[in-house]
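Me: I am new to reading protein structures. Could you walk me through one with me, feature by feature?

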Amino acid sequence: MKPAPSATASITPVPSPSAGPPGLSKRARPRRVIAVGGGKGGIGKTLVSANLGVALAQAGMRVLLVDADLGGANLHTCLGVGQPSATLSDFVRNSKVAIENIIIPTGVPQLSLIAGAQDVLDAANIKYAQKQKLLRTLLAQPVDYLLLDLGAGTSFNTLDFFLVADHGVLVVLPEPTAVENAYRFVKAAFFRRLQQVEAQYGIEDLVESALTTREGALRTPHDFIAQVRQQDPAAGARLERDLQSFRIRLVVNQARTDADMNVGTAVVSAWKKFFGLEMDDLGAIRYDDEAWRAVRKRRPVLLERPDSPAALSLQRIAGRILTIDGNGSGSSTP
């Protein structure tokens with residue numbers, strides 16, 4: 001790939017995707033949706049979300065950051081924004097609150113924010129209709145990138161927000177337990193995606209079997225697709241084509257050594273070998289004391305120390321996303 005775009009690069013907006021999530025595909029939507037998730041807490045999802053938002057805005061994109069960590073929001077703190085008077089929970093729970101009333105500036109040109117719920121204990125368990133209303137409204141926003149900072153784990157709400165994205169970015173630490181949790185997250189997201197299309201392919205019984213823990217239940221996406229092909233080759237082929245869009249973008253955070261920098265490549269290779277699905281390694285973020293110093297100052301490291309190793313890593317990752325979208329150029333070297 002080519003070098004990453006500079007902050008002042010002139011970039012042509014990305015065309016709208018031809019298809020959206022189930023039930024929402026005919027609605028206007030942002031040109032691209034990014035969702036940042038992970039298998040556990042404390043791995044730096046919010047740091048990645050905040051700084052990706054800054055980098056994309058600096059590259060000329062209109063970006064709306066949404067703190068979708070329902071029940072544990074802190075994205076506004078990472079951006080140095082005070083506690084907003086209105087948050088995501090106000091929109092979800094009050095039909096009279098318009099989305100425009102909860103979008104606030106961040107101080108970064110072209111970067112806006114919707115802060116997450118702070119005062120609703122059951123915010124993480126919003127009802128289906130509330131979730132659909134929220135998704136419909138967010139996907140109709142006139143921005144180049146809608147960037148969702150998700151909560152940790154594999155709740156249905158978290159997975160549904162992750163699956164609605166064009167770029168599902170999975171953050172992982174270069175540690176065995178974190179990598180294991182990342183695999184679990186991707187498997188959970190895959191089978192949640194199957195639940196969304198099971199009626200279309202008549203595979204409800206197979207999906208139910210795959211989600212059980214009974215002896216002999218299907219364990220991997222590769223196993224599942226092979227089983228569908230065995231029962232109905234044509235349906236299996238169509239399902240496999242449909243699931244080609246299920247492609248995770250991996251980011252390794254806090255890489256301290258050269259071996260850590262290569263964890264993403266190893267994870268991508270293992271996922272393809274054992275699960276039969278594609279995954280992209282967007283790169284690794286160098287461990288950097290400047291990153292946590294910036295967090296303590298409530299500033300994105302891209303603004304506080306744009307020349308630091310962590311900031312440069314994040315700029316390269318943003319450049320790769322822009323390159324994938326045919327929107328400028330991004331570096332392929334760590």
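Reply: Let's begin with the sheet: eight strands form an open sheet in the order 3-4-2-5-1-6-7-8, with mixed pairing. Strands (E, at least two residues) and helices (H or I, at least four) are DSSP runs, numbered from the N terminus. Two strands pair if DSSP finds at least two bridges between them. This is a predicted model, where local features need pLDDT of at least 70, side-chain atom pairs count only at pLDDT 80 or more, and totals for chains, interfaces and linings use all residues. Residues are numbered from 1 along each chain as its sequence is written, and side-chain values use heavy atoms, leaving out hydrogens and water.

Me: Which are the edge strands?

Reply: Strand 3 (103-105) and strand 8, each of which pairs on one side only.

Me: How many bridges join strand 6 to strand 7?

Reply: Five, and strand 6 (residues 167-172) runs parallel to strand 7. Within this pair, Gly168 stands opposite Ile248 in strand 7.

Me: Why should helix 1 span 20 Å?

Reply: The expected span is 1.5 Å times one less than the number of residues. Helix 1 (residues 45-58) has 14 residues, so it should span 20 Å, and its end C-alpha atoms are 20 Å apart, which agrees.

Me: What comes just after helix 1?

Reply: Gly60, which takes a positive phi of about 100 degrees.
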